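Hi,

Here is the structure I promised to pass on.

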Amino acid sequence: MAPIASRPVPQLDAGKAFFGDMGFAVDHLGPLWHLLKAAQLVMSDLDRIASEQGLSYADFQLLGALMMAAPDPVRAATLAAALNVSNPVLSLRSARLAAMGLIERVQQGSDRRTRPMRLTSEGRARTEIVARELERRGAFVRHLAQLDKADRATLERVLRDIHERMDRDYLPSPRSAGDRRCETLTQDRPTKRNRVAKPRTID
């Protein structure tokens with residue numbers, strides 16, 4: 001049995017050779033492999049920094065979205081669509097952040113069923129701390145700065161193009177007047193055999 005390569009380029013070369021010998025197309029493997037593995041390393045680093053404030057990077061994204069919308073509160077369905085997550089996922093995350101005193105629900109008008117979210121002062125302070133630490137100590141920020149200006153611009157342009165193309169697959173999809181959720185490629189499509197009840201909306 002051949003040993004598993006431990007470095008990025010040998011790993012990719014081994015993958016291309018293996019799947020190429022099986023008759024698979026391998027032109028996409030390089031960009032896909034490097035993007036996937038780099039994203040895993042980046043997320044691990046960002047989670048490490050955010051954890052110092054008792055948060056995950058996903059928490060930081062949620063709090064950051066609320067901070068950018070401030071002082072206006074944000075409906076849960078709007079926030080879920082912006083973050084490309086389902087209502088149930090957002091509900092669990094927002095409940096935990098509310099318990100930590102970082103976000104709060106507010107009532108607007110006479111409709112008590114709709115209670116959008118906004119940051120508390122503690123939530124804003126903690127979000128700003130994480131943002132500063134990511135800028136100061138983030139591995140991606142450090143390595144990106146080592147590229148020349150033209151390469152940084154090219155990287156942003158290429159990733160932006162891929163991001164915009166793939167984002168079209170994650171657009172919010174209306175189910176009914178009372179059920180709007182964000183469809184993602186990773187969500188199972190209900191069939192006759194595995195159809196389940198619609199998730200309760202959280203806003």
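Let me start with the nonpolar surface patch: its largest share, five residues, comes from helix 8. The patch covers about 670 Å² and is made by Leu35, Phe140, Val141, Leu147, Leu155, Val158, Leu159, Ile162 and Met166. Helix 7 (139-145) and helix 8 (149-167) are the elements that give two or more residues to it. Met166 sits in helix 8 and is partly exposed, at 42% relative accessibility.

Some terms, before I go on. This is a predicted model, with local features needing pLDDT of at least 70 and side-chain atom pairs pLDDT 80 or more, while totals for chains, interfaces and linings use all residues. Numbering starts from 1 along each chain as its sequence is written, and side-chain values use heavy atoms, leaving out hydrogens and water. Helices (H or I, at least four residues) and strands (E, at least two) are DSSP runs, numbered from the N terminus. Buried is under 20% relative accessible area, exposed over 50%, and partly exposed in between (1.4 Å probe, protein chains only). Patch residues have over 30% relative accessible area and no salt bridge, with like charges joined within 9 Å and nonpolar side chains (Val, Leu, Ile, Met, Phe, Trp, Tyr) within 5 Å. A salt bridge is a Lys or Arg side-chain nitrogen within 4 Å of an Asp or Glu carboxyl oxygen.

Now the overall picture. The protein has eight helices and four strands, running α-α-α-α-α-β-β-α-α-α-β-β from the N terminus. Of its 203 residues, 25% count as buried. It exposes about 14200 Å², and carbon and sulfur atoms supply 56% of that. Among contacts (heavy atoms within 4.5 Å) with a separation of 6 or more, 49% are between residues 24 or more positions apart.

Thr120 lies between strand 2 (117-119) and helix 6 (121-137), and is buried because its relative accessible area is 16%. Leaving aside residues up to four places away in sequence, Thr120 touches Gly101, Leu102, Ile103 and Glu104. A polar atom of the Thr120 side chain lies 2.6 Å from the backbone oxygen of Gly101.

The other is Gly54, in the loop between helix 2 (29-51) and helix 3 (57-69). Its relative accessibility is 42%, so Gly54 counts as partly exposed. Gly54 and Met100 are 46 residues apart in sequence and 9.3 Å apart in space, C-alpha to C-alpha.

Cheers

How values were computed
Polar contact = N/O pair within 3.5 Å; in protein donor to acceptor, adjacent residues only side chain to side chain. Areas by Shrake-Rupley, 256 points an atom, 1.4 Å probe, with all protein chains shown as cover.
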